[in-house]
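I opened my notebook to look at how the chains of this model touch. Here are my entries.

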There are 4 protein chains.
Amino acid sequence: MLIVMTRTATPDLVARVCQVIETMGLVAHPMFGAQRTAIGVTGNKRQVDSDRIANLPGVQEVIQVTRPYQLVSREYHPEDTVVDIGGVKVGGREFTLMAGPCSVESEEQCTRIAEAVAESGVRIFRGGAYKPRSSPYTFQGLGEQGLEILAKVRERFGLKIVTEAVDTETLGLVAQYTDIIQIGARNMQNYSLLKKAGQTGKPILLKRGQAATLDELLLSAEYILAENNPNVILCERGVRTLANHSRNTLDLSAIPFIKSSSHLPIIADPSHGTGRREKVLPLSRASMAVGADGIMVEVHNQPELALSDGAQSITLDMFRTLVKQLRRLAPTVDKVYP
Amino acid sequence: MLIVMTRTATPDLVARVCQVIETMGLVAHPMFGAQRTAIGVTGNKRQVDSDRIANLPGVQEVIQVTRPYQLVSREYHPEDTVVDIGGVKVGGREFTLMAGPCSVESEEQCTRIAEAVAESGVRIFRGGAYKPRSSPYTFQGLGEQGLEILAKVRERFGLKIVTEAVDTETLGLVAQYTDIIQIGARNMQNYSLLKKAGQTGKPILLKRGQAATLDELLLSAEYILAENNPNVILCERGVRTLANHSRNTLDLSAIPFIKSSSHLPIIADPSHGTGRREKVLPLSRASMAVGADGIMVEVHNQPELALSDGAQSITLDMFRTLVKQLRRLAPTVDKVYP
Amino acid sequence: MLIVMTRTATPDLVARVCQVIETMGLVAHPMFGAQRTAIGVTGNKRQVDSDRIANLPGVQEVIQVTRPYQLVSREYHPEDTVVDIGGVKVGGREFTLMAGPCSVESEEQCTRIAEAVAESGVRIFRGGAYKPRSSPYTFQGLGEQGLEILAKVRERFGLKIVTEAVDTETLGLVAQYTDIIQIGARNMQNYSLLKKAGQTGKPILLKRGQAATLDELLLSAEYILAENNPNVILCERGVRTLANHSRNTLDLSAIPFIKSSSHLPIIADPSHGTGRREKVLPLSRASMAVGADGIMVEVHNQPELALSDGAQSITLDMFRTLVKQLRRLAPTVDKVYP
Amino acid sequence: MLIVMTRTATPDLVARVCQVIETMGLVAHPMFGAQRTAIGVTGNKRQVDSDRIANLPGVQEVIQVTRPYQLVSREYHPEDTVVDIGGVKVGGREFTLMAGPCSVESEEQCTRIAEAVAESGVRIFRGGAYKPRSSPYTFQGLGEQGLEILAKVRERFGLKIVTEAVDTETLGLVAQYTDIIQIGARNMQNYSLLKKAGQTGKPILLKRGQAATLDELLLSAEYILAENNPNVILCERGVRTLANHSRNTLDLSAIPFIKSSSHLPIIADPSHGTGRREKVLPLSRASMAVGADGIMVEVHNQPELALSDGAQSITLDMFRTLVKQLRRLAPTVDKVYP
């Protein structure tokens with residue numbers, strides 16, 4: 001931590017700040033410059049709550065140097081975490097594709113889609129049973145009935161399931177049915193849900209919020225790891241920016257940043273990241289090339305009849321093309337793709 | 001709704017789209033232009049779920065004209081809603097000031113602050129008992145003990161209380177103690193919480209999310225009104241932008257937009273909106289001048305010792321200055337400020 | 001400046017960094033912490049070019065403490081700058097209103113508008129003769145003919161003129177006719193234009209770019225002051241954000257930030273800042289209340305026939321109302337408004 | 001174009017709007033709905049200036065359907081444009097790598113870098129002789145001396161040159177020396193420069209502005225094509241967003257959008273797009289995978305001594321690794337990379 005004093009701060013004020021620092025069990029290193037004094041702080045093992053110092057008289061600015069997270073950081077845990085979902089791995093050299101409809105709409109719909117994606121070698125099936133929707137008047141998901149359909153798909157096609165938990169009330173039910181609990185972008189900072197989801201012990205897919213920095217994403221993951229659940233998969237799904245040609249701006253530079261800052265696997269979601277079907281294939285290739293551990297894509301047998309997110313769902317044919325493209329690409333970026 | 005067809009869309013595809021529109025009980029108005037065909041749609045009373053049409057072959061774009069919300073809209077309810085909290089009003093010509101610490105830290109702290117703000121004529125006291133924090137390692141609030149302190153403050157100083165509910169588990173407890181339930185920015189799209197909060201029948205203070213559009217804010221309010229709870233106060237508290245001189249960018253143009261689109265009262269939060277104590281007074285004045293129904297500010301008797309948000313909390317002296325400034329300003333912008 | 005070393009940086013690497021710092025004529029203060037070493041740097045009178053150090057082996061991050069600008073900073077020049085335009089002042093306790101059409105369209109149009117604004121006590125008339133337009137197919141301004149019309153308006157109504165210079169070719173001509181040279185948002189980082197405009201000696205109105213930080217705005221002003229021209233008026237006109245209810249997001253917290261960081265006057269432009277006529281009055285009041293030194297607004301006698309920016313131009317009647325509102329408001333925020 | 005009338009618009013107002021439309025030589029299609037009237041407009045061959053209509057009484061909103069650009073659009077010119085720079089091609093199946101230092105610093109520096117990139121098969125060398133810098137106190141480039149150095153590099157290594165023109169004064173000189181004129185992000189809307197650059201007849205590399213939408217980028221290109229210069233290469237170099245882990249957010253979804261909307265080639269700049277050396281390789285691979293026609297990267301023989309942008313310049317060794325990676329990747333995404 002570095003404390004920058006105002007130009008007019010008297011030696012007394014500097015001394016007082018140093019004293020507060022010592023009280024906190026830390027070491028103060030005052031540096032008297034030509035224009036102002038700065039005070040370096042060492043001795044902290046974790047980020048210091050800077051508010052206490054920021055508010056002292058004569059303090060102009062407090063600059064944090066230590067990252068605010070710990071369990072998720074690569075400094076703390078240098079090896080890559082590989083999340084094992086009953087034999088299906090996410091992380092390491094593996095490239096994992098999660099595919100399925102935005103919403104579970106019917107058993108027939110899921111069966112058709114699951115059949116196609118299973119044939120293409122996909123081993124994780126996505127589908128929403130509980131849907132957080134901006135409007136109270138749009139389709140909100142089939143609820144438990146949707147979870148039952150997902151369970152049938154798992155049994156019939158040997159697929160693992162990932163589905164979203166939107167609140168603590170239904171979390172237990174979701175956890176019973178699913179292999180991976182998804183926490184959506186809107187809930188990235190719903191800390192009660194994060195803690196309870198962590199306590200289930202299930203692998204968690206944590207999506208970046210629409211305006212979240214990567215430090216905030218990692219801190220949200222820290223909530224889960226602090227519950228003794230190390231099985232967290234991060235997901236970049238786009239942030240909201242000034243760009244108006246896509247639903248969100250997929251921030252692919254997040255992938256190398258997370259890779260160097262954290263040991264957790266991270267996948268990309270080019271469906272939400274772009275919002276347009278015709279951009280899903282190029283951005284999926286880019287996600288693999290940039291080093292993501294996998295992607296999650298929305299696929300629909302009849303996108304024009306989809307009850308949600310039809311515009312960004314690719315057809316079964318597009319999906320088969322995507323799989324072919326990724327298979328060609330994988331070895332050139334040192335990824336294993338089954 | 002307007003449907004724009006691609007330039008190469010055949011008359012057959014146009015006919016099929018018109019047919020789907022008619023199936024939905026709406027009226028299609030095809031317009032054959034020099035370069036392409038567009039289809040106007042009338043007959044809808046509420047926003048049509050456009051996905052179904054957007055995905056039809058030959059459709060390039062679907063443009064929504066009808067706003068997606070209803071109960072919150074001024075078209076639906078032309079008169080201003082005035083929320084009455086046991087005689088204290090928010091909305092109409094009244095300008096309401098809510099003040100207090102970021103977090104409830106101790107009975108003594110709250111008493112000191114409450115005493116000062118009550119003397120200045122404030123009638124609503126804010127203070128967090130449950131704090132949603134980015135990091136699991138920072139102060140998370142006193143919980144029920146904090147609520148009890150707030151109850152004592154109410155009794156002693158005759159103040160109304162506004163405090164945040166962060167999850168459905170503790171919502172019931174919060175509702176027992178508080179006069180207004182605050183839903184924070186991070187939970188603006190936590191629909192389960194919105195619905196349950198709506199069902200308590202208590203007035204709700206709903207803060208805009210960090211990347212939320214105003215349509216999304218109004219749709220979140222719609223979730224509450226749809227539970228037969230019309231007592232919603234909106235709050236502009238800044239959005240995240242490229243600007244790095246303030247914690248958030250307070251979007252004051254949101255106030256006149258909401259005033260014309262909705263009948264709900266809207267206040268501003270210049271503390272979170274700027275993140276810096278020295279900007280709270282100017283932005284509070286601006287909030288009044290732009291037409292807000294009130295402001296919510298963080299005040300602390302010893303900001304340098306605050307357990308959270310010290311940097312944006314104003315001192316008791318600054319608060320007294322603020323009240324004086326607002327009293328001078330109010331009549332010139334036709335606001336009643338007690 | 002603070003240099004944060006990586007955790008694995010050896011004492012040798014630390015020594016090398018210190019050596020480079022000393023070579024630059026500065027003083028290095030290494031601080032050996034439990035987890036890593038940081039190096040404080042003092043002795044610099046101006047911001048150090050950090051690239052040279054950022055790239056040394058073992059360096060994780062370089063944190064600048066000194067602000068990059070000098071001539072524009074309040075530390076350098078503590079008193080408010082008041083720009084005097086032939087007796088009309090911008091800055092200090094004065095609140096200055098600049099008003100007129102977006103584009104000069106005809107002598108009649110300008111005469112009508114100038115007459116109305118002069119009657120309301122306005123002393124600075126705005127109007128574009130050269131218009132930077134996103135599309136090559138829209139109206140680009142009358143050019144020199146427009147400047148001549150502005151000159152007639154000045155003579156007839158005793159108004160000062162502010163008009164935009166869009167390139168160095170026409171700058172000389174603009175400078176001959178105008179009292180204040182406006183540099184628009186698109187040209188905020190057109191350094192050749194800034195330097196040449198500075199050299200004219202004329203007062204400069206410098207608008208913030210659409211994605212510019214305030215440090216960048218001040219650095220652009222620094223280019224002008226470095227040409228020995230201290231007569232710079234800054235202008236906040238909104239930044240581009242995720243908000244879609246307004247053309248730009250007027251960032252009013254910029255005003256107090258600039259006021260504390262710089263001695264230059266700053267005005268707001270609620271016309272471009274919102275893009276919607278019906279928001280201009282509330283945001284104008286807010287601009288005064290937040291402490292701006294003035295505002296610039298677009299007024300048109302027939303906005304529905306305006307050749308540019310009609311949607312954000314207020315009518316003459318709205319303008320008269322605005323003036324009344326500002327006159328009531330001014331004394332309550334300690335502003336002098338004639 | 002679609003015109004949405006307010007709910008209270010009378011038939012008279014609707015009729016007046018229709019009349020104005022007819023006056024403009026267009027056809028009006030009024031649609032009388034349950035809640036309001038909308039008016040479709042056909043007959044326009046180019047985007048209509050909507051201001052005139054937006055300002056008519058009773059008009060709530062005008063929605064543009066026709067894109068505002070023409071010459072750059074794929075509808076107008078369906079085949080891919082391939083820009084030929086003396087035999088080196090940009091566009092089509094070719095993937096083109098442009099590499100070199102941020103700034104030309106000395107003949108020796110350029111020689112070393114040029115030698116290394118030429119050996120790796122690169123045929124276009126980049127280097128700035130005129131540098132637009134935020135601060136007037138940082139290195140501004142060698143000017144004409146820099147251009148001469150670039151000319152020597154061209155001669156000695158048979159490379160083509162791309163360098164930036166920052167103003168119309170030095171444009172002629174730059175055009176004499178360079179093979180491609182670069183227009184930087186800060187000048188994307190410097191229309192005088194765009195027009196004059198277009199008139200040189202030289203190929204133009206046009207970078208997206210920091211807050212520019214893709215429609216604005218295409219309109220800026222339209223300015224160049226309108227000067228009868230079809231040789232424009234677009235460049236995505238990142239936009240400014242809330243993300244703070246990278247200098248800019250590289251918006252790779254821009255590539256497929258431009259590919260479908262325009263016939264012009266588009267490359268990516270992962271150096272400016274990320275601002276961090278360690279992200280350049282992954283984002284370069286992603287740029288190829290997403291379908292870009294090439295990339296432009298900053299390479300330096302001694303990045304720690306670079307006079308500008310050292311933190312984002314990759315070393316010669318990293319560059320060789322990059323070339324190997326791209327060569328492996330190219331055939332799997334159907335790109336030809338020499």
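How many residues of chain C are in contact with chain D? I looked this up in the model, which is predicted. I found 39 residues of chain C in contact with 39 residues of chain D.

Next I asked which elements of chain C take part.

I turned to the contact of chain D with chain A. Chain D brings 34 residues to it, and chain A brings 34 residues. The largest share is that of α10(D), with nine residues. By class, I noted 18 nonpolar, eleven polar and five charged residues on this side of chain D.

How is chain D laid on chain A? I read a turn of 180° and a shift of 0.0 Å along the axis, with an RMSD of 0.1 Å. That is why I wrote down a two-fold axis. I also looked for the C-alpha of chain D nearest this axis. It belongs to Ala286(D), 2.1 Å from the axis.

Last, I checked which surface each copy uses. Both copies use the same one: 100% of the contact residues of chain D recur in chain A.

Definitions and conventions: Residues numbered from 1 in each chain as written. Chains lettered and ligands numbered in written order. Predicted model: local features only at pLDDT ≥ 70, side-chain atom pairs only at ≥ 80, totals over all residues. Contact = placed C-beta atoms within 7 Å. Helix = DSSP H or I, 4+ residues; strand = E, 2+ residues; numbered from the N terminus. Nonpolar A, V, L, I, M, F, W, Y, C, P; charged D, E, K, R; others polar. Least-squares fit on C-alpha atoms with pLDDT ≥ 70 in both.
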